[in-house]
Amino acid sequence: MSRTTTGVPAGPAAEAAAAPRGSGFWVVGAVLVLLMLSSSVPSALYVLYQQRWGLSSGTITVVFALYAVTVLIGLLLFGSLSDTLGRRPVLGGGLVLAIVSMGLFAGAQGLGLLLAARAVQGLAVGLATGAMGAALLELAPRSRPALGAQVNSAGPTVGIGLGGIGAGLLVQYAPAPTVLSYLLLVGAFAVTLVGVFRMRESAPGARSGGRTRISARRIHVPAAVRGRFAVLVLTIVAVWSVGGFYLSLGPHLALSLLGSSNYLVGGATVALLAGAATAAQLLLGRVEPLRTAVLGLCGLLAGLGLVLLALGLRSAPVFLVGTAVLGGGWGAAFLGSFRALSTLAEPEHRGELTAAVYVFAYLAMSVPAVLAGMLTNIHGLHRTSVGFMAAVAGVCALALFVTVRLAARTRAEGSTT
């Protein structure tokens, strides 16, 4: 009998022993939420790391950006690997790396191990991202095929929100928060690892039971859809530029505006942004993708305007309202653009296209955040935040213009068929 790359016998018996389609879908969804949750936990701890180890805001953004850069490396090296090797072994490898990174975080006593932990964590997420995105589309319940794209877009915001508020609570009220947070995640990752190896394989190229040949493939977008991809990915860039700023400097900015020393405030700010994003995605889950993206971009512009007003007035209440509106726009824009992008690839290239989307997402998270951190050391957090928000508003306005045009063209093409 032939065997899969995980060592589990292939064929009908293996399929019967594996978890059913529905449970496999939720296992992958749990992996996505946990990986994103673990990526946001350090954000709530950055202020504590700064105080204990004397780190500057610029250094903190470098730590954050290292994660995003190593995610990109993982995507570029392994983004299409699950299309040939299978979703299960790639997800399993990502979870093993995630467990290693949590151990490094728990043992960190200075900048060196913190950087190493962030790097390994980024590789874990980069390895798993393409497989997660594709598996969610393939394992979605047949009665609700759109659920795959919804969980793909809502999973990161749910995870980021839970990570922010959970780590904030542990930092403020629990003993040894820089250790306990990560040990809890080790246990959670171990449980999901068991679930991954019990789920059914969903990759079209890995279901035959024969030996799988792994070949290096560059991540690319089919020529026929590059125009639409370029339009939609501009929204991804706007969305994750905001996310990168809030995950790296947002807690520090919130503590400054609110005049608080409570560490929970920083985590709650990240949770507010992500929670509003998740709420918007749930409300707009059945709305047409391009319309959802347009609504989201309008929300992003409104939220950025309110945050700029809050920075000008130095008003904490306006900042919190602006963050909530910004989060709603973030969630809707990401949901709409991801759903539209997910229809552009054939099944055998889903992992590859998903990886391509996240290449742009993590570039948008890392590069602006590092620039903001460097400028913060020169111009201060307040002035840098104003300039950053104004620049992202310009990107959002451009994305809104081209997305409205794409939606109009799509409707016109539909009316002629």
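Mentor: L147 is buried, because its relative accessible area is 7%; buried means under 20% relative accessible area, exposed over 50%, and partly exposed in between, with a 1.4 Å probe and protein chains only. The model is predicted, so local features need pLDDT of at least 70 and side-chain atom pairs count only at pLDDT 80 or more, while totals for chains, interfaces and linings use all residues. Residues are numbered from 1 along each chain as its sequence is written, and side-chain values use heavy atoms, with hydrogens and water left out.

L147 lies in helix α7 (residues 147-173). Helices (H or I, at least four residues) and strands (E, at least two) are DSSP runs, numbered from the N terminus. When residues up to four places away in sequence are not counted, L147 touches F25, W26 and P141; a contact means heavy atoms within 4.5 Å. From C-alpha to C-alpha, L147 and L136 are 8.2 Å apart in space, and they are 11 residues apart in sequence.

F189 is found in helix α8 (residues 177-198), and it counts as buried because its relative accessibility is 0%. With residues up to four places away in sequence left out, F189 touches L34, L35, S38, L95, A98, I99 and M102. The C-alpha atoms of F189 and A30 are separated by 9.5 Å, although these residues are 159 apart along the chain.

E138 forms a salt bridge with R87, and their closest N and O atoms are 2.5 Å apart. A salt bridge is a side-chain nitrogen of Lys or Arg within 4 Å of a carboxyl oxygen of Asp or Glu. This pair links distant parts of the chain, 51 residues apart, with E138 in helix α6 (residues 111-139) and R87 in helix α5 (residues 87-107). E138 counts as buried because its relative accessibility is 10%, and R87 counts as buried because its relative accessibility is 0%. A search of the whole structure finds one salt bridge.

Helix packing comes next. Two packed helices are described by the angle between their axes and the distance between the axes. Helix α9 (residues 226-248) and α10 pack at an angle of about 65°, with their axes 4 Å apart; axes are lines fitted to C-alpha atoms, for helices over the stretch in contact, and angles run from 0 to 180 degrees between N-to-C directions. In this contact, F245, Y246 and S248 of α9 meet G250, P251 and L253 of α10. The residues of the contact divide into four nonpolar, two polar and no charged, where Ala, Val, Leu, Ile, Met, Phe, Trp, Tyr, Cys and Pro count as nonpolar, Asp, Glu, Lys and Arg as charged, and the others, Gly among them, as polar. The buried residues of helix α10 (residues 250-258) are G250, P251, L253, A254, L255 and L257. Just after α10, G259 takes a positive phi of about 60°.

Finally, the whole protein may be considered. The protein has 15 helices and zero strands. Buried residues make up 58% of its 417 residues. Among contacts between residues at least 6 apart in sequence, 85% join residues at least 24 apart.
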